[in-house]
Amino acid sequence: MKHPRLDKIEKMLEKGKDFELSNEQYKTKTGADFPKNKYYAEKNSAVARRAKEYGYSLEIIPQRILFKRKSN
């Protein structure tokens with residue numbers, strides 16, 4: 001499995017607003033496939049860890065990846 005390049009995702013995270021990506025959009029932005037295991041994808045994947053650094057959590061819904069800003 002290729003490691004994702006997260007620079008384009010980081011630019012979206014820096015805006016501080018909720019957003020979502022399709023699996024295809026994720027692949028286009030990162031150059032890697034999104035992890036298939038839902039728990040891993042939401043909690044332990046590289047993009048989940050990076051999202052957490054910016055105060056986001058991930059929620060995987062069919063064919064979409066939802067980035068939700070955590071409220072304080």
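User: How many helices and strands does the protein chain have?
Analyst: The protein chain has 4 helices and 3 strands, where helices (H or I, at least four residues) and strands (E, at least two) are DSSP runs numbered from the N terminus. This is a predicted model: local features need pLDDT of at least 70, side-chain atom pairs count only at pLDDT 80 or more, and totals for chains, interfaces and linings use all residues. Residues are numbered from 1 along each chain as its sequence is written, and side-chain values use heavy atoms, with hydrogens and water left out.

User: Which pattern does the chain follow along the sequence?
Analyst: The pattern is α-β-α-α-α-β-β. The radius of gyration of the protein chain is 11 Å, close to the 11 Å that the globule rule gives for 72 residues, so the chain is as compact as a globular protein of that length. The radius is taken over C-alpha atoms, and the rule is 2.2 Å times the number of residues to the power 0.38.

User: What share of the residues is buried?
Analyst: Of the 72 residues, 33% count as buried, meaning under 20% relative accessible area (1.4 Å probe, protein chains only).

User: Where is Glu-42?
Analyst: Glu-42 belongs to helix H3 (residues 38-43).

User: What is the nearest side chain of opposite charge to Glu-42?
Analyst: That is Lys-38, 4.0 Å away; Lys and Arg count as positive and Asp and Glu as negative, with His and the chain ends not counted. Glu-42 is buried yet has no salt bridge, defined as a side-chain nitrogen of Lys or Arg within 4 Å of a carboxyl oxygen of Asp or Glu.

User: And which residues does Glu-42 touch?
Analyst: Leaving aside residues up to four places away in sequence, Glu-42 touches Ala-48, Leu-58, Glu-59 and Ile-60, a contact being heavy atoms within 4.5 Å.

Conventions:
Buried < 20%, exposed > 50% of the residue type's maximum accessible area, 1.4 Å probe, protein only.
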